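Subject: Handing over a structure

Hi there,

Here is the structure I promised to pass on to you. Have a look at it first, and then read on for what turned up.

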Amino acid sequence: MADVRDILELERSATPELTKEAILGNADKQKKKLLMQSTPKMPKRPEGMHREVFALLYNDNKDAPPLFPTDTGQGYKQLKAKLGMRKVRPWKWMPFTNPARKDGAVFHHWRRVADEAKEYPFAKFNKQVPIPSYSDAQYLQHLQSETWTRAETDHLFDLARRFDLRFGVMRDRWDVGRFPKPDRSIEDLKERYYNVSTILTKVKGGGSDGKIYVFDADHERRRKEQLKRLYDRTPEQIEEEQNLLNELRKIEARKKE
């Protein structure tokens with residue numbers, strides 16, 4: 001329309017024309033204005049206050065901070081206690097024995113009267129290691145050794161049954177009065193026990209658990225010797241070893257360059 005007026009040399013009206021751009025522009029401005037009016041203005045965080053503390057004091061809905069105690073009127077004072085109507089089960093101070101003990105010791109504890117005839121509840125934790133046994137014929141035919149006598153072997157298996165294969169305790173309880181020489185170490189006891197157990201398992205066609213255990217006594221002795229040497233190092237030796245390791249790392253780093 002403005003182009004036609006220019007061609008005809010007509011004067012333009014003082015009122016601005018209504019164009020699509022003008023209409024849409026005004027609509028966008030109105031929307032932005034309404035959006036700004038509807039959006040609540042958040043107070044500015046004071047200088048020096050942490051963001052987490054400010055978030056506790058104010059939120060988007062301008063709710064009051066939850067710093068005041070409230071009372072809903074539903075406290076515990078208004079609730080009735082829900083007590084059962086069953087009769088209280090009686091308890092009794094009664095004696096008991098532990099099946100793990102073989103000395104017949106009698107102890108006492110509190111227990112429900114209804115459980116008086118039941119077994120001691122902790123008896124289920126009494127687990128014992130199955131120790132193989134051998135006869136005279138089996139020993140003479142399969143278990144003879146040049147370094148172990150029959151009396152030493154019997155004493156070893158007796159200790160194994162008494163102390164549940166705790167070889168440290170078995171070594172401490174070894175009867176040096178009856179068997180002064182040779183001095184049996186823990187590795188010697190383990191080696192003899194597992195060798196006899198393996199032979200009996202093969203002879204009987206499978207032991208209590210059907211497993212064959214192999215113990216390398218020489219490897220165990222070398223391992224302990226190496227551990228002892230490592231433990232007995234002086235501070236100077238430790239420092240020297242650390243310096244050598246640092247030099248080795250530098251050499252490897254140079255090779256990668």
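Arg 221 forms a salt bridge with Glu 191, with the closest N and O atoms 3.9 Å apart; a salt bridge here is a side-chain nitrogen of Lys or Arg within 4 Å of a carboxyl oxygen of Asp or Glu. Arg 221 lies in helix H8 and Glu 191 in helix H7, so this pair ties together parts that are 30 residues apart in sequence. Side chains of opposite charge can pair when their charged atoms come close.

Before going further, please keep in mind that this is a predicted model, in which local features need pLDDT of at least 70 and side-chain atom pairs count only at pLDDT 80 or more, while totals for chains, interfaces and linings use all residues. Residues are numbered from 1 along each chain as its sequence is written, and side-chain values use heavy atoms, with hydrogens and water left out.

Back to Arg 221, which also meets the side chain of Asp 188 in a salt bridge, at 2.5 Å from N to O. This second pair again links distant parts of the chain: Arg 221 is in helix H8 (residues 217-231) and Asp 188 is in helix H7 (residues 186-204), 33 residues apart. Helices are DSSP runs of H or I with at least four residues, strands are runs of E with at least two, and both are numbered from the N terminus.

How covered are these residues? Asp 188 is buried, with a relative accessible area of 17%, whereas Arg 221 is partly exposed at 30%. Glu 191 is partly exposed too, also at 30%. The cut-offs are under 20% relative accessible area for buried, over 50% for exposed, and in between for partly exposed (1.4 Å probe, protein chains only). Together, Asp 188, Glu 191, Asp 218 and Arg 221 are linked in a network of salt bridges.

The count comes to 18 salt bridges. Another one of them joins the side chains of Glu 52 and Arg 51, at 3.4 Å from N to O. Glu 52 is partly exposed, with a relative accessible area of 47%, and Arg 51 is exposed, at 58%.

Now for the overall layout. The protein chain has 9 helices and 2 strands, and from the N terminus on they run α-α-α-β-β-α-α-α-α-α-α. Of its 257 residues, 16% are buried.

Helix H7 comes back in two helix contacts. The axes of H7 and helix H5 (residues 150-163) come within 11 Å and cross at roughly 90 degrees. Axes are lines fitted to C-alpha atoms, for helices over the stretch in contact, and angles run from 0 to 180 degrees between N-to-C directions. That makes H5 roughly perpendicular to H7, because angles of 65 to 115 degrees count as roughly perpendicular, those under 35 as roughly parallel, those over 145 as roughly antiparallel and the rest as oblique. On the H5 side the contact (heavy atoms within 4.5 Å) is made by Thr 153, Leu 156, Phe 157 and Ala 160, and on the H7 side by Leu 189, Arg 192, Tyr 193 and Val 196.

What about H7 and helix H4 (residues 136-143)? Their axes come within 11 Å and cross at roughly 105 degrees, and H4 and H7 are therefore roughly perpendicular to each other. From H4, the contact uses Gln 138, Tyr 139, His 142 and Leu 143; from H7, it uses Arg 192, Val 196, Ile 199, Leu 200, Val 203 and Lys 204.

Strand S2 (residues 106-112) holds Arg 111, which counts as buried at 12% relative accessibility. Not counting residues up to four places away in sequence, Arg 111 touches Trp 91, Lys 92, Met 94, Lys 118, Glu 119, Tyr 120 and Pro 121. Arg 111 and Trp 91 are 20 residues apart in sequence and 5.4 Å apart in space, C-alpha to C-alpha.

Finally, some backbone details. Most residues other than glycine have a negative phi, and most peptide bonds are trans. In the loop between H5 and H6, Asp 164 has a positive phi near 50 degrees. Leu 165 is in the loop between H5 and H6, and its phi is positive at about 60 degrees. A cis peptide bond joins Lys 181 and Pro 182, with omega about -5 degrees; Pro 182 sits in the loop between helix H6 (167-172) and H7.

Enjoy exploring!
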